[in-house]
Amino acid sequence: MENKVYDVAVIGGGIAGYTAALTLKNFKKEFLWVGVKPFGEKLLKAERVKNFPTFTGNGVELAALLERQMALEEVPFTRAKIDGVYATGGGFMLTSGKTAFSARSVILATGVETETVESASKYLGRGVSYCAVCDGSLYKNKTVVCELSSPNYAEEAEYLAGIAKKVYAFCKYKNAEFRAENIQTVEDPIALIVGEGRVTGVVTKSGKMLEADGVFFLKDAAPPAVLVGGLETEAGHVKVARDMSTNLAGLFAAGDVTGRPYQYIKAAGEGLVAAFSVHKFLVHD
Ligand SMILES: Cc1cc2nc3c(=O)[nH]c(=O)nc-3n(C[C@H](O)[C@H](O)[C@H](O)COP(=O)(O)OP(=O)(O)OC[C@H]3O[C@@H](n4cnc5c(N)ncnc54)[C@H](O)[C@@H]3O)c2cc1C
């Protein structure tokens, strides 16, 4: 655990998180800007950005400009996936595996990721998890399913294989490789999670039933209410007021995570508003 207590922790490496961090830098706040990587996949995917004032180009070009500005303005970035945010009474603790960070306030800018399996939310905390390191120990000698969004999560699947008896791995990428004999890759995607109260297995798209005690979704973004206990959400988005505050004092949200429209300029604008609101919050705290 770091001993340092930041004024603000900004979670999410997209444009909402970046704009919040840039604004906090101007406010001379002690902040931690943390994410899986700066200017993640979504930004890079845009073939042509048509609605960002002064800019004409694609996502890769926009990301390059942002990176240039980030270097020029000396905005620091910490690479880590945050797997839990906890109110500590007077502040927040963020965990990333065995590492923990402390901050007086938080801006959540984790974007949105659509659920790949519809029934997942029904079994949250009852067999469905988004963090192997947090919940893996519950599955000693049991059978688990994991769905991996990228090869970056192979290690988490292998971690599960060290605890569980058997791991079925559903990979959203080609040529998956694992260094554990009890991991079996399954090509047929998950269609449904089944169970009575708790998970008992999954049914694949082709109708095959696989018995399992738990299902892990190993990907960059977890639903916000999973990441932050007690956070109020509506249809999967964080409920925010105009100043981007949430129902948790000191915790603000910005960008796609707060709802539609999913657009760069809206995400950047909300990142800025959240930073101003945090600044005000810290003065009165
Ligand atoms: C193909 C495509 C084309 C698009 N084209 C346009 C366009 O032309 N114009 C436009 O305005 N918008 C466009 N968009 C939408 C735009 O990409 C989003 O609105 C914008 O990226 C939202 O920014 P954000 O910062 O809120 O979230 P994101 O860009 O999604 O960034 C969130 C980041 O947080 C990280 N993260 C999530 N959870 C955690 C965690 N627990 N710990 C650490 N990091 C975490 C993620 O890895 C991600 O990098 C497009 C989107 C796509 C997919």
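Let's start with a sheet: five strands sit side by side in an open sheet, in the order E7-E14-E8-E9-E10, with parallel pairing. Strand E7 (128-129) and strand E10 (183-185) stand at its edges with a single partner strand each, so one side of each has no neighbour in the sheet. Here, strands pair if DSSP finds at least two bridges between them. This is a predicted model, in which local features need pLDDT of at least 70 and side-chain atom pairs count only at pLDDT 80 or more, while totals for chains, interfaces and linings use all residues. Residues are numbered from 1 along each chain as its sequence is written.

**The whole chain**

- The secondary structure comes to seven helices and 17 strands. Both kinds are DSSP runs numbered from the N terminus: helices are H or I with at least four residues, and strands are E with at least two.
- For 285 residues, a compact globule would have a radius of gyration near 19 Å, and the chain agrees with its 20 Å. That radius is taken over C-alpha atoms, and the globule rule is 2.2 Å times the number of residues to the power 0.38.
- The C-alpha atoms fill a box of roughly 55 × 45 × 35 Å, taken along the principal axes.
- Of the 285 residues, 41% count as buried. A residue is buried if 20 or more other C-beta atoms (placed from the backbone) lie within 10 Å of its own, exposed if 12 or fewer do, and partly exposed in between.

**Two domains**

- The domain assignment gives domain 1 (5-113 + 221-284) and domain 2 (118-218). These bounds come from an automatic or database domain assignment.
- The C-alpha centres of domain 1 and domain 2 lie 29 Å apart.
- Where the domains meet, five residues of domain 1 are in contact with five residues of domain 2. Being in contact means that the C-beta atoms of two residues, placed from the backbone, lie within 7 Å.

**Strand E2 and its partners**

- Strand E2 (residues 31-35) is mostly covered, with five of its five residues buried. Phe 31, Trp 33 and Gly 35 are on one side, and Leu 32 and Val 34 are on the other.
- E2 pairs with E1 in the parallel sense over four bridges, and Ala 9 stands opposite Leu 32.
- E2 is also joined to strand E3 (residues 78-79) by two bridges, again in parallel. In this pairing, Gly 35 stands opposite Arg 79.
- E1, H1 and E2 make a right-handed β-α-β unit. Right-handed means that, with the strands pointing away from the viewer, the path from the first strand over the helix to the second runs clockwise.

- Back in the opening sheet, two bridges join E7 to strand E14 (residues 214-218). Ser 129 has Phe 216 in E14 as its bridge partner.
- Strand E11 (residues 190-196) and strand E12 (residues 198-204) run antiparallel and share six bridges. They form a hairpin with one residue between them, and Gly 197 in the turn has a positive phi of about 80°.

**Helices H3 and H7**

- Helix H3 (residues 59-72) has 14 residues and reaches 20 Å from its first C-alpha to its last, close to the 20 Å expected. The expected span is 1.5 Å times one less than the number of residues.
- The buried residues of H7 include Tyr 264, Glu 270 and Val 278. They pack against strand E1 (5-11), helix H1 (15-26), strand E6 (99-108) and strand E17 (251-253).

**Residues to look up**

- Phe 252 is in strand E17 and counts as buried because 30 other C-beta atoms lie within 10 Å. Leaving aside neighbours within four places in sequence, its contacts include Ile 107, Met 244 and Ala 274.
- The peptide bond from Arg 260 to Pro 261 is cis, with omega near -5°. Pro 261 lies in the loop between E17 and H7.
- Lys 28 has a positive phi of about 60° although it is not a glycine. Lys 28 lies in the loop between H1 and E2, and is exposed because it has 9 C-beta neighbours inside 10 Å.
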